[in-house]
Amino acid sequence: MSSCHKKAYITTPIYYVNDIAHIGHAYTTIIADTLARYSRMSGLDTYFLTGTDEHGQKIEEAAKSRGKSTQAYADEISATFKDLWDEFGISYDKFIRTTDADHMKGVQKAFSVMHDNGDIYKDVYKGHYCISCETFFPESQLVDGEFCPECGKPTTIVEEESYFFKLSAYQDKLLAWYKENPDCILPKSKRNEVIRFVEGGLNDLSITRTSFDWGVKLPANLNDPKHVMYVWLDALMNYVTALGYGNDEANMDFWPARVHLIGKDILRFHAVYWPAFLMSLGLPMPKHIAAHGWWTRDGEKMSKSKGNVVDPREVANAYGLDNFRYFMLREVPFGGDGDFSQKALIDRINSDLGNDLGNLLNRLIGMSGKYFEGKVDSSNVSKYYQEELNEVHDSLDKLEPLIFDMQIHRYLEELWRPLSVANKSIDKYQPWTLMKEGKEEEAMALNGLIAGILAKVAIMLYPVMPEVCTKISAALHFTIDNDTWNRMIKGTNLPETFTLEKIEPLFPRVEEPLLEQAEPIDKKEEEKKPEQKSKQKTESKKEEGIALIGIDQFFQTSLKVGTVVKAEEVPKSKKLLLLQVDVGEEEPRQVVAGIKEWYSADDMLDTQVCVVANLKPAKLMGYKSEGMLLAAKDENGLCMIRPEKPKTAGTPIG
Ligand code: MSP
């Protein structure tokens, strides 16, 4: 992201009010909140918008099925989103609702502008509409001539008078915009998808409906009261009406948005329709549209009928809000899909947070209390620990570009490097030995190095874990704000002194899952008496020679379809091939596979494989391997396990 724009306008999608919030919604909002906090801390004038999307047939039907008036129903669900974000301390500046009078007035204004400049015309729409996705689809895209290609639900045939937006007229301008702005859509792989779609040709877009009523009416001068606006036109406009477009324009100087955060499922609306609308309105383009991946639970798509939807409030209450925030942002590369499993969350808490960060703070508090009455003086750090300082600064320098490039998982990974420097320094220099040897100055400098690292990490981690980092800064007696950010992060000097205060452990160890697991599928199995179960277990264990596992355990393994995009031999190895495998993430994974006796690099190139995608990375002959391929081997040799038909890279297997 460029830094010339001193204002930072950050948005989430506005959430449909036909459902309550789940972790997918929380994920988008937490990323946006992290960016907004970072922007503010780094001195940018920041405006953070979220809200609810309340019009359209889907909402009208949801209200009807519950026997409520549409407005009352929308009020109720909108409030549940707002309450959750307030409870989560989400630092939004405005919560917009598309039923707000100002918003509706702004949308009408936009419609008039686009109409007056000749981009809107009236015709008859005939085609298929998916109410669930609020999207029109041409016949050629339907599954079996009837079903929605996105969600699989039946579409309805619509034939009605409609106003159209001349989307087709914007094809070249859109392509030029994507081309001239290589990071307008993040991750970059998504930009290619959008370009391919637009190059395929754009149809004009039907932007009004007459078959229902729950939407923004057309401007009065068009005198066409039976039409309401297409919900996506209405919804997308929220990004400018929230700033006063069509009303007082009070905050329009925040436009263009620095980043619209969205999920990958709504990329087309944001990367094709929205820029075209903006071009028609004569407004500048957003700087970035950043699309994240999809969350599943224990490897499965979340759905109400399966009863496996993860409630973000429950997770935050059980494991701590900041821990949950850290997990979501650290666990998944931005743009890739993520799996929510309690095991993965617990591992992150106990390992990254407890061992690497929490223990470090405890050790520092302990050492400085024991040897120096809680005081830390950092004046001699560079005298003894210049090499360590260099590594810390090198790491900190890399952070800002990463966060603004939406590589938040790498940002966190990089931020753990200084922690590792600190932890290793304690083991290497052993302050207790230094004290025994009378090297007090050196021991104090070591404490200074560690306190400095903890302070810097607390500042840079603050946007992700605001509550925890405020506690760390309190223990070190400083405040995290733009001043300290400038001094400790932008300036290279470590602060001179800290006074340390004892605090409660930040990350008590989690020994077992704290949330109830999803219901076992085979209830009868669960109802058997314990003796009966264990007998059966040992018998079949004897038969098979392997232990039985539950479905939950099975789903702890993330299996994915991968496409081999590069294959080469590992030099000097008889057995190993070095493969780059696309598993639907931003970048291909490197996998070192012991299959050279049976497959050449050429054999493997462009083929599909099944990848174990959540193995801890390992090194083989000096090459990092970030996955394992499934294969079967008997006395006749080895063969790869592959999907029977081509599948999109990253498709979960299970
Ligand atoms: N109302 C539209 C957005 C209009 S923006 C002008 C909408 N709403 S939504 O409530 O259905 O989805 C909102 C966001 O939640 C989307 O970005 C979507 O990707 C995200 N998620 C919904 N379920 C999700 C997961 N299971 N995982 C990750 N995010 C997903 O679309």
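Biologist: Which residue just after α17 takes a positive phi?

Modeller: H477 does, with a phi of about 60°. Helices are DSSP runs of H or I with at least four residues, strands are runs of E with at least two, and both are numbered from the N terminus. Before going on, note that this is a predicted model, in which local features need pLDDT of at least 70 and side-chain atom pairs count only at pLDDT 80 or more, while totals for chains, interfaces and linings use all residues. Residues are numbered from 1 along each chain as its sequence is written, and side-chain values use heavy atoms, with hydrogens and water left out.

Biologist: Is D144 buried or exposed?

Modeller: The words rest on relative accessible area: buried is under 20%, exposed is over 50%, and partly exposed is in between, using a 1.4 Å probe and protein chains only. D144 has 69% relative accessibility, so it counts as exposed. D606 is exposed too, because its relative accessible area is 59%. V143 lies in that loop between β5 and β6, and its 40% makes it partly exposed.

Biologist: What is V143 in contact with, leaving aside its neighbours within four places in sequence?

Modeller: Contact means heavy atoms within 4.5 Å. By that rule V143 is in contact with C148 and P149. Distance along the chain is another matter: V143 and P652 are 509 residues apart in sequence, and their C-alpha atoms are 21 Å apart in space.

Biologist: Where does H128 lie?

Modeller: H128 is in strand β4, residues 120-130. Its relative accessibility is 10%, so H128 counts as buried. Not counting residues up to four places away in sequence, H128 touches T135, F136, F137, E139, L142, G145, T155, T156 and I157.

Biologist: Back to α17. Which of its residues are buried?

Modeller: In this helix, residues 466-475, the buried ones are P466, V468, C469, I472, S473 and A475. Their cover includes helices α1 (23-41), α11 (321-331), α12 (342-372) and α16 (440-461), along with strand β16 (497-499).

Biologist: At what angle do the axes of α13 and α16 cross?

Modeller: Axes are lines fitted to C-alpha atoms, for helices over the stretch in contact, and angles run from 0 to 180 degrees between N-to-C directions. Angles under 35 degrees count as roughly parallel, over 145 as roughly antiparallel, 65 to 115 as roughly perpendicular, and the rest as oblique. The axes of α13 (residues 381-404) and α16 cross at roughly 10° and come within 10 Å. The two helices are therefore roughly parallel. Among the residues making the contact are Y384, Y385 and L389 of α13 and L446, L449 and I453 of α16. For classes, Ala, Val, Leu, Ile, Met, Phe, Trp, Tyr, Cys and Pro count as nonpolar, Asp, Glu, Lys and Arg as charged, and the others, Gly among them, as polar. This contact has twelve nonpolar, two polar and five charged residues.

Biologist: How do α5 and α9 pack?

Modeller: Helix α5 (residues 171-180) packs on α9 (residues 267-281) at an angle of about 105°, with the axes 10 Å apart. That angle makes α5 roughly perpendicular to α9. K173, L174, W177 and Y178 of α5 meet A271, V272, P275, A276 and M279 of α9. By class there are eight nonpolar residues, no polar and one charged.

Biologist: Which peptide bonds are cis?

Modeller: The bond joining L186 and P187 is cis, with omega about -10°. P187 lies in the loop between β7 (185-186) and α6 (188-199). The bond from W255 to P256 is cis as well, with omega near 5°.

Biologist: Which residues around the ligand come nearest?

Modeller: A residue is near a molecule if one of its heavy atoms lies within 4 Å of it. There are 23 residues around the ligand, of which I14, D53, G263, D265 and W295 come nearest. A polar contact is a pair of N or O atoms within 3.5 Å; within protein, one must be able to donate a hydrogen and the other to accept it, and residues adjacent in sequence count only if both atoms are side-chain atoms. A backbone N or O atom of I14 is 2.8 Å from a ligand nitrogen atom. A polar side-chain atom of H22 lies 3.4 Å from a nitrogen atom of the ligand, and a side-chain N or O atom of H25 lies 3.4 Å from a ligand oxygen atom.
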